Structure formats: C-alpha cells, structure tokens
Amino acid sequence: MKNPKILPKTAIIAITEKCNSRCTFCKTWECENPVDLDERLIDSLPDSLREINITGGEPFLHKKIVSIVEKFFLKGCKVIINTNGLVRISNDSPLLKLKKVGIRFSLDGIGEVHDSLRGVPGNYKKVITQIDDLQSWGFKDLGIVSTFSDANWHQLEPLYELSQSLQVGFTCAVAANSEFFYHTTDNGFKNAGPFIATLRKIIHREISALKLKNLGKALFMSTLARFASSQIKVLSCSAGKSFFFMVPSGEIFACNMRELFMGNLNKSSFEDIWFSPVSERIKTFTAQCAKPCWTMCNAKQVLKENLASYCLKFFQQMGIPYEQSKLVRS
C-alpha cells in the first residue's frame, strides 16, 4: 500500500533577504541584491497549513508584511513573526489591527552585550521600547528569542529574568551553522557546560510553574541541553515531510539548515512539488540526516509528533510525578 499523500501543517517563510542587523553569527545582511517575497505566492501554498513562522532577513522591512499576515490568517493559520526590533511599529501602523499575530524579538544579551552581538548600537533599548508599546496596544503573544554561544552564555539567566519581568515568553537556541541560511560555519560552543548547567536551572523553574505551556517549554529546553552537549539531534527530523522552508524567490526547501531544493512555486503547483520523486527522496534523506541542528523552528513540529514517547522519558529523568506528566501528554 502506498503512503497517503499528506500535506504539511507548518512552514518557515522567509519573506525578504533584506536585513538591517549586522550580526556576528549570521551574514544574511551581506546579501547582494536582496529579494522580497511576492505576496501572491501565498495563495499557491496549501490549505493544510496551520502554523507559519515568518522570518527573513528582517520581516518588517517587507512593505507588504501586513497583507502577508492577513493572507495567512484567511487560510486559518497561526502566524509568528521573528524580528530584530529595529523597525519601529508606530501607533498608527496597520499591523495594530492584527493583534492575534505572535511577535518574537531577538535578544542575545542585556544592554550593550546584545548591541555588540547584533552590530547595532541602541538595538536593545529599541526592543524593550517596542515590547512595552505593543503590550500597551493590546498585543498578547509576545516573546524573546535568544541565541547563545561561548560569547554570551552568561546572559541566559538575566534574559530569562527579563522575560519574566516583562511578562513575555522566552525561548532559546544555540548558534547554528548553515552556509545556506546563516551564511556562516563559524558558530558553536567550545565549552557548553556552563550554558547547560544554567539551562537546567531554568528547566526546573519552568517545571515548578505546574502549567502546560511551561512544561512544554521545559521539554524543548531539555532537548536543547542534550543537543548542546552532544551536537546530536535528539529525535529524527521531519523536514520536507511535516514542514518546509520557502525563500523570497518562491523556492521550496525541506528546511532552512540544508540546501535541499524541492521545487519553485513560480514554476509548479505546491502539490506537484511536494509529491515529486525528488521531494520523496529528500523526505527519506532528512529522516536520517545527521547535520547538527536543533532550533525551535525545526524542533517544534518534531516534538509534537513524538510527544507521547519523548515526554514520558523526559518526565522520568526530571522526577516529575506521573499525574503531573499527564498534563502535557494529554
């Protein structure tokens, strides 16, 4: 019996190659002749999609970002925008009518630590001001996303405390290598021990909150700690199967870590791309892919698919009572 033709529910969409950061661990800003996504391509994406992670470049540099978000809302999608916070959202912006959108701000340190890593003086203050403004305008789904390496692991706990004081979400990642997406191969920990020890303290704090959302965050952080320690994926990847990555030119890839080209939406329908012989071979390859990467964008869907089996093991390791673990497993 042939495998059923299943369309993806999740996508990472880079809507522009333009970037106004000067990050030390990502060279996207060096891109020559940056391209913007043609918003009409969104109409060609499958109706199966339920969660969209918008990235770039810097998404707010795309002049049609509001229209893009609206199109995904019409498809019934939850939308998360990842931003460096450098583009000011004013109180008369059309975005203010889209309060359901989630916005994740990159913060890799407090004050000048963040500014030096991102290469833009004053970046930190702009992010804090933007979060305060959005909260006052009624936005609820806000969060901080932090990327760590040897250069800033000591900022993990202060950034977590900041998220608590601002009452926004918090997630983190280790600096990844990808010539395809980040245009660099120089990232990584030489000594991840102090970062992992601090992360485990935060994991226990999330568990003690006794809330479903916090337990889910603790689960992801535990997989991140294992990845930082071993540089080995905790679970097999479902890139090109349950999620995909689209670049502004309309090209579809299995993920944003490897240049596994599946097709171009300007030349073929999404279904023809997704079920092509090339894409089927890519799906087989990614399930066995050994490339060391583990970001929230990629790991979230994988964890969902393996929630029951991985949760029980995680809760046993962390000493969480069975009755409490049922909150997440259910």
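This is a predicted model: local features need pLDDT of at least 70, side-chain atom pairs count only at pLDDT 80 or more; totals for chains, interfaces and linings use all residues.
Glu 206 sits in helix H5, which spans residues 193–208. Is Glu 206 buried or exposed? With a relative accessibility of 0%, under the 20% cut-off, Glu 206 is therefore buried.

Asn 123 is another residue worth a visit. Asn 123 belongs to helix H3, residues 123–136. Setting aside residues up to four places away in sequence, Asn 123 touches Asn 84, Leu 86, His 114, Asp 115 and Arg 118. Its relative accessible area is 0%, so Asn 123 is buried too.

Phe 148 lies in strand E5, residues 142–148. Which residues does Phe 148 contact beyond four places in sequence? They are Trp 153, Gln 155, Leu 156, Leu 159, Phe 170, Cys 172, Ala 173, Val 174, Ala 175, Phe 189 and Phe 195. Val 174 is 26 residues from Phe 148 along the chain, yet their C-alpha atoms are separated by 4.7 Å.

| Residue | Element | Relative accessibility |
|---|---|---|
| Glu 206 | helix H5 (residues 193–208) | 0% |
| Asn 123 | helix H3 (residues 123–136) | 0% |
| Phe 148 | strand E5 (residues 142–148) | 1% |

In soluble globular proteins, nonpolar side chains tend to be buried together. Here, the largest nonpolar core has 89 residues, and Ile 13, Phe 72, Val 79, Phe 195 and Phe 244 have the most contacts inside it. Helix H6, residues 212–230, gives the most to this core, with eight residues. As for Phe 72, not counting residues up to four places away in sequence, Phe 72 touches Ile 13, Ile 42, Leu 45, Ile 52, Ile 54, Cys 77 and Val 79. Phe 195, listed among the core residues with the most contacts, is also a contact of Phe 148.

Finally, the cavities. How many cavities of 30 Å³ or more does a search of the whole structure find? The search finds two, and the largest cavity has a volume of about 50 Å³. Ten residues line the largest cavity, with Lys 233, Cys 237, Cys 255, Arg 258 and Cys 289 nearest its centre. Its lining is made up of six nonpolar, two polar and two charged residues.

Methods. Residues are numbered from 1 along each chain as its sequence is written. Side-chain values use heavy atoms; hydrogens and water are left out. A nonpolar core is a set of buried Ala, Val, Leu, Ile, Met, Phe, Trp, Tyr and Cys residues joined through side-chain atoms within 4.5 Å. Buried means under 20% relative accessible area, exposed over 50%, partly exposed in between (1.4 Å probe, protein chains only). Helices (H or I, at least four residues) and strands (E, at least two) are DSSP runs, numbered from the N terminus. Contact means heavy atoms within 4.5 Å. On a 1 Å grid over the protein atoms alone, a cavity is a set of points where a 1.4 Å probe fits but cannot get out, and a pocket is an open set with protein on both sides within 12 Å along at least five of seven lines; lining residues have an atom within 4 Å of a point. Grid points are joined across faces, edges and corners, and a volume is the space filled by probe spheres set on the points. Ala, Val, Leu, Ile, Met, Phe, Trp, Tyr, Cys and Pro count as nonpolar, Asp, Glu, Lys and Arg as charged, and the others, Gly among them, as polar.
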